[in-house]
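Please check each point against the coordinates.

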Amino acid sequence: FGCGTGLLTFQLASNLSSCVGVDPSEGMVEVFRAKAANPDSKCELTAVHGELPLFSSPEHASWLARLGSFELIFTQLVLHHVADCGAMVRTLGEYLSPGGRLVIADFAATTNARLFHPPDMLLGQHYLHDGISEDDIQNWFSSAGCFKDFQMVRIPVLKEVRIPSKDDPQVEAKRQMEAFVILLCSAEKT
């Protein structure tokens, strides 16, 4: 979920027989589909436009029937855009086959997490969390009630960031390299 233009999907495609990307941005899905029309691998690639309904929503059953179940679901840099992350983890678990694996990568809630997004992207408007806490993500997997073998790896990354102006926080003053931590978490569906 959150396939975007398929950047990660196309990197993984050579190791997969089929892959379905889902994204709420129609523009992103259109780019994904254009790339999939000229595949470099034998992987069957499909892109679906839409907001994945949460487990408790009336549309959930029809989406589950439409998409089916998967052996692997991978989502990268998506949870910090989601209001109810626990419900999203539970929902993604519903789309997994027994023994399937959910893998989530997102940046950790560190003291500098606000710098991960450009100054003109606002908390509450463009994204909903300044990173994800380690305790929260572990609790979301645990509370879903359908996972075992939870694993978490902390991956340090350097990213060039835009530092906001003191006069106007939405205006860039300078750029610098900043260290962040990506939490790579996974668990198997029971």
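**Notes on the predicted model**

1. Helix H2 and its cover. The cover over the buried residues of H2 includes helix H1 (7-12), strand S1 (18-23) and strand S2 (44-49); contact here means heavy atoms within 4.5 Å. Helices (H or I, at least four residues) and strands (E, at least two) are DSSP runs, numbered from the N terminus. In H2 (residues 26-36), Val29, Phe32 and Ala36 are the buried residues. Viewed down the axis of H2, these buried residues fall within an arc of 60°, so they line one face of the helix; the arc is taken from the directions from the helix axis to the C-beta atoms. An α-helix has 3.6 residues a turn, so residues three or four places apart point the same way.

2. Basis. This is a predicted model, in which local features need pLDDT of at least 70 and side-chain atom pairs count only at pLDDT 80 or more, while totals for chains, interfaces and linings use all residues. Residues are numbered from 1 along each chain as its sequence is written, and side-chain values use heavy atoms, with hydrogens and water left out.

3. Helix H4. Of the 10 residues of H4 (residues 85-94), 8 are buried, so the helix is largely enclosed by the rest of the structure. Buried means under 20% relative accessible area, exposed over 50%, partly exposed in between (1.4 Å probe, protein chains only). Among the buried residues of H4 are Cys85, Met88 and Leu92.

4. The β-α-β unit. S3, H4 and S4 form a right-handed β-α-β unit: with the strands pointing away from the viewer, the path from the first strand over the helix to the second runs clockwise. Strands S3 (residues 70-76) and S4 (residues 96-107) pair in the parallel sense over 6 bridges, where pairing requires at least two DSSP bridges. Phe74 stands opposite Val103 in S4.

5. Cysteines. There are 0 disulfides in the structure, a disulfide being a pair of cysteine sulfur atoms within 2.5 Å. The cysteine sulfur nearest to that of Cys19 belongs to Cys43, 5.5 Å away, too far for a bond. Cys19 is buried at 16% relative accessible area, and Cys43 is buried at 5%.

6. Aromatic rings. Rings of Phe, Tyr and Trp (its six-membered ring) pair if their centres lie within 6.5 Å; planes under 30 degrees apart count as stacked, over 60 as edge-to-face and the rest as tilted. The count comes to 5 aromatic pairs. Phe107 and Phe116 have ring centres 4.0 Å apart and planes at 10°, so the pair is stacked. Phe116 and Phe180 have ring centres 5.2 Å apart and planes at 85°, so this pair is edge-to-face. Phe107, Phe116 and Phe180 form one aromatic cluster.
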